[in-house]
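This report covers a protein model, the contact between its chains and its aromatic pairs. The sequence and structure are shown first.

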Amino acid sequence: MGAAGAAVRKNKLARHIISMGTLLAIFAFSVLLVVVTSDGTILAHRVGGWTPVDVGSEGQTFEIAIPFVVDALSALVLMIISILGIASVMFAMATHEARARFFHPFVLVLMAGVAGALMTGDIFNLFVFIEVMLLPSYGLIAMMGAKLGAHGARIYVSVNLMASTLLLVGIALVYATAGTVNLAELHGAALDDPAVAIAGGVVLTAISVKAAVVPVHGWLTRTYPMTSPAVTALFSGIHTKVAIYAIYRIYSLLFDGDERFLWVALIVVSATMLIGVLGAIGEKTTRSILVFHMISQIGYILIGVGLFTTLGLTAAIFYLLHHMIVKASLFLSTGAIEETYGTGEIEKLGGMLRREPLIAITFMAAALSLAGLPPFSGFVAKFSIIRATLEETHYWVAAVAVIVSVFTLLSMLKIWTGVFMGDEPKDLQERALTYQERMHGKRYLRVEAQAETPTLTVGPPTSTTLAVLSGEQEVKVPAKLIIPGALLAAVTIFFGVGAEVLMSLSATAAEGLLNPEIYVEAVSGA
Amino acid sequence: MSIAVAVGLLTAAAVYLFMQRGMVRIVLGFILASHAANLMLFAAGNVAYREVPYIGGAALEEQADPLPQAFVLTAIVIAFAITMYMVTLAITTTTDDDTENEEESPAKVLYGERR
C-alpha cells in the first residue's frame, strides 16, 4: 500500500491522479476491512510467514514474525483517516499546495505509516511506523509553513524526537522485563509484574506526549497553527489520533484493562478537557482556537481509557471517529477563509455569513457538532460519554465534561460572531487581493479611486489604490475550497442521523479491547 | 552496572543540552539522548552475553541477544535521519541558530505584522 508513495514523483499532472487514486484505494480497502471485521473477526498475518519457534521448555512457543492484525478498531480508524486524507488533499489541490514538489509522496508515505501503525501487533514495529509517519510530516510542516517561519517545525521536530526516544526507552524496558515486544505475547504482562507495568508506563507516557495530553500539550498549540491550513487539517486527524489508538491498544493488551491505574487516566483527561478549552477561549485566530479545542477533545476521547467499560469504550471510540471528521471539517472551512482572505485573525474578519454563506453553513454544522448539539454526531458522542461516566459514578468527570461543552460552545460562538457575523471590515477586499497576488501571482484589475478620472491599472497594489470591482471580480472563496470541508460536515450529519451503524461498529471495536484474548488467539492462530 | 552509569550520564548531559540556547546544542543533546536509548536497548538484551551472535561464531549460550541489536540498528538510522533534518532546520531558518526568541514568536507570527 505504501509502495505507491515512492512511485509518485515523475509526471506533473499524473501526480494528482495517482495520489488521489491511492487514497481512494486505501479508502475502499479500509471499507472492505470494516465490513470484514464488523462481526468481531480479527484478521492476523505473520509478515514473512515465520512460524513461532519451540524453545523446548514445556512446549512453549515464541512468536518471531511481526504480526499484522486488523480488528474493528484499526479498520474504523483507518477508514476515517483515509476520508480525511482525501478531503485534505482535495483542499491542498485547490490551494495549489499539492503542486509543491514531494507533496503527494509525503502524504502517501504518511498514509503508509498510519496504516502500518494501526495494523502492527508489535511495539517496536509501532515505533518504526510512527517514525515513518512523522518523517514526511516534518517535511510537510516546514515546507508549507515556510511563510510563517520555521519555528513551528523546530518545536515540532524536537518534541516528537524527544517523545520517540522516550518511546524507544520504554520499549527497551518492556523487552528487558518481559522478554518480548509482541503485543499478543505481552497480554496481561503488566498485570502480573510491576516491573513490566512501569515499563509500560514509560511507553504510555511517551505516546501521551504524541497525543498532546495536558501536562505535555504546549507543543501542539504552537506548531499546528504554524503551517498551512491543509496540512493542519491533515495532521489534526492523524498523529494525535494514532497515538490515542496506540494508548487504547496497549492499555487493553499490556495492562489488560487493569483497574488499579484508571484514576490516573481520569485525572489526566479531566485536566486535558478543562485546560484545552480554557486555552481556546483566550486565543485570537481561528486556527489557534481550533487547535486548543483539539486538546480538549483528546481529553474526551481518552475518558474511555479511564473507564474501561463496554459503554465507556464504545462511546470513546465513537467520539474518536466523530471528532476526527469534525475537527478536519472545521480546519478546512476556516482554512478556506484563511487561504482566500489571507488571515485567520478574528479581529480582521467579519460579515462572512453574507459574503460566504456556504462556508458559514459548513462551519456552523461542524461547530455545533463539536459542541455536541442534537442533529449532529457530536451529540451522540457526548451523550454516551457522559452516560458512561455516570454509570461508573464518576460524577466529577461527568461534570467537567458538561462544563467544558459550555465553554466549547462559547468559543465556537466567538469564532462565529467574530468571523461570520457583524460588518465586513473595510479593508477586507483590499487585503484579500494583496494576499492573492502575493501568494498566487494573480493579477486583479484595480480602479484608481483617488484619481479624478478612474484609470485602470494592473499590478501590485499601492496604498492609494482601492479595489472597486464588479461582482464577478470580487474575491470569493472558490467552490473547490469549500467542497472538502462541506463534504466532511455532511459526514458528521450522516453520523448524527445514522448513528446506529457507527455505534454498533464502535461497540464491536470496544468488545475487542475489553476481551484481548480474542486478539491473542487471532495472532497465535494466524 | 557500567552500562547504567553510561546511560545515566548520557541522559543527564542530554537534558542539560536541551535546555541550552542554540539549536545546534539542542541537536547535540538529541544525539546524546538517542545514544542513551540505544545503550538501553543493548542492556535489555542482557549484556552478560558478549560473544558475536553469528552462526558458528561462538557457543550458543555465550552469544549476545541479536534482537536488541537489530532494534538498535533500526533506531540509529531513524535518529540519524531526524538529526540531519534538525541540523538543516538549524541553519536554514534564521540568520543564526538561536532559539531564545521562540518563546514569543508563534504569537508574534500569528497576530503580528505578517506583511
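## Chain B

A residue counts as buried when its relative accessible area is under 20%. On that basis, 36% of the 115 residues of chain B are buried. The model is predicted, and local features are taken only where pLDDT is at least 70.

Chain B contains four helices and zero strands, and along the sequence its pattern reads α-α-α-α. Of the contacts in chain B between residues at least 6 apart in sequence, 52% join residues at least 24 apart.

## Contact between chain B and chain A

The contact draws 40 residues from chain B and 38 residues from chain A. Together the two chains bury about 3600 Å², and carbon and sulfur atoms account for 71% of this area. Between chain B and chain A there are zero salt bridges. Two residue pairs are in polar contact between chain B and chain A, both at pLDDT 80 or more.

On the side of chain B that touches chain A, the elements giving two or more residues are helix 2 (23-44), helix 3 (66-92) and helix 4 (105-111) of chain B. Helix 3 of chain B supplies the largest share of that side, twelve residues. Sorted by class, the side of chain B that touches chain A comprises 23 nonpolar, nine polar and eight charged residues.

## Aromatic pairs

Over all chains, the search of the whole structure finds 21 aromatic pairs. In one of them, the ring centres of Tyr175(A) and Phe71(B) lie 6.0 Å apart with their planes at 80°. Planes over 60 degrees apart count as edge-to-face, so the pair of Tyr175(A) and Phe71(B) is edge-to-face. This pair crosses between chains: Tyr175(A) belongs to helix 6 (residues 151-178) of chain A, and Phe71(B) to helix 3 of chain B. Both Tyr175(A) and Phe71(B) are buried.

Another pair is formed by Phe255(A) and Phe261(A), whose ring centres are 6.0 Å apart and whose planes stand at 90°, so this pair is edge-to-face as well. Phe255(A) has 3% relative accessibility and therefore counts as buried. Phe261(A), with a relative accessible area of 33%, is partly exposed.

## Aromatic cluster

Which residues form one aromatic cluster? The members are Tyr138(A), Tyr156(A), Trp219(A), Tyr224(A) and Phe235(A), together with Tyr85(B).

Technical notes:
Residues numbered from 1 in each chain as written. Chains lettered and ligands numbered in written order. Predicted model: local features only at pLDDT ≥ 70, side-chain atom pairs only at ≥ 80, totals over all residues. Heavy atoms only, no water. Contact = heavy atoms within 4.5 Å. Buried area = accessible area lost by both parts, 1.4 Å probe. Salt bridge = Lys/Arg side-chain N within 4 Å of Asp/Glu carboxyl O. Polar contact = N/O pair within 3.5 Å; in protein donor to acceptor, adjacent residues only side chain to side chain. Nonpolar A, V, L, I, M, F, W, Y, C, P; charged D, E, K, R; others polar. Phe/Tyr/Trp six-rings, centres within 6.5 Å; stacked < 30°, edge-to-face > 60°. Buried < 20%, exposed > 50% of the residue type's maximum accessible area, 1.4 Å probe, protein only.
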